[in-house]
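Please look over the fold shown here before reading on.

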Amino acid sequence: MSLTILNLTRFQCPDTMIFFRKYLRRINKKNIILILSNDISIQWDMPLFCNCMNYILIKKITTKKPYYFFIKKNIN
């Protein structure tokens, strides 16, 4: 298992989620992805996305920018 960092701090909605989705298609299921973002809308978009797409939101830190989201693909 490895950690992959995806820096999306230069993007704003909707580009943040578009680039994130594009990237997820290529990631190994065993990897954990750390997403960095300055986009305020990702605070509610990311948990909804993970819930709908069956990804695991391991941890989120949204107290200050950049926001941190640790995501893992669901192996099932």
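What follows is a short report on a predicted model.

## The sheet

The sheet is open and has 4 strands. Their order is β1-β2-β4-β3, and the pairing is mixed. Strands β1 (3-7) and β3 (55-61) form the edges, each pairing on one side only. From one strand to the next, the twist averages 20 degrees.

Both directions of pairing can be seen at β2. Strands β1 and β2 run parallel and are joined by 5 bridges. Strands β2 and β4 (residues 67-73) run antiparallel, with 6 bridges between them. Ile35 shows both contacts of the strand. Leu6 stands opposite Ile35, and in β4 the bridge partner of Ile35 is Phe69.

## Strand β2

How many residues of β2 are buried? The count is 6 of 6, so the strand is mostly covered. In a regular strand, side chains alternate between the two faces of the sheet. In β2, Ile32, Leu34 and Leu36 point one way. Ile33, Ile35 and Ser37 point the other way. Residues on both sides are buried.

Helix α1 (residues 15-24) lies across β1, β2, β3 and β4. Its direction is about 165 degrees from that of β2. Helix α2 (residues 42-53) also packs on the sheet, where it touches β2, β3 and β4. The direction of α2 makes about 5 degrees with that of β4.

The two helices also meet each other. Two packed helices are described by the angle between their axes and the distance between the axes. Here the axes of α1 and α2 come within 11 Å and cross at roughly 35 degrees. The crossing is right-handed. On the α1 side, the contact involves Thr16, Met17, Phe20, Arg21 and Leu24. On the α2 side, it involves Ile42, Asp45, Met46, Phe49 and Met53.

## Aromatic rings

A pair of aromatic rings is described by the distance of the centres and the angle of the planes. The model has 3 aromatic pairs. One of them is Phe20 with Phe49, an edge-to-face pair. Their centres are 5.2 Å apart, with 70 degrees between the planes. Why does this pair tie together parts that are 29 residues apart in sequence? Phe20 lies in α1 and Phe49 in α2, so the pair links those two parts.

Are Phe20 and Phe49 buried or exposed? Buried means under 20% relative accessible area. Phe20 is at 0%, so Phe20 counts as buried. Phe49 is at 10%, so Phe49 counts as buried too. Phe49 also pairs with Tyr55, and this pair is stacked. Here the centres are 5.6 Å apart, with 20 degrees between the planes. Tyr55 is buried, as is Phe49.

## Ser37

Ser37 belongs to β2 (residues 32-37). Its relative accessible area is 0%, so Ser37 is buried. What does Ser37 touch, leaving aside residues up to four places away in sequence? The contacts are Leu8, Thr9, Thr16, Ile42, Pro66 and Tyr67.

Ser37 has a polar neighbour as well. A polar atom of the Ser37 side chain lies 3.1 Å from the backbone nitrogen of Asp39.

Definitions and conventions:
Residues numbered from 1 in each chain as written. Predicted model: local features only at pLDDT ≥ 70, side-chain atom pairs only at ≥ 80, totals over all residues. Heavy atoms only, no water. Buried < 20%, exposed > 50% of the residue type's maximum accessible area, 1.4 Å probe, protein only. Polar contact = N/O pair within 3.5 Å; in protein donor to acceptor, adjacent residues only side chain to side chain. Contact = heavy atoms within 4.5 Å. Phe/Tyr/Trp six-rings, centres within 6.5 Å; stacked < 30°, edge-to-face > 60°. Pairing = 2+ DSSP bridges. Axes fitted to C-alpha atoms, helices over the stretch in contact; angles between N-to-C directions. Left-handed = near helix turned anticlockwise from the far one by under 90°.
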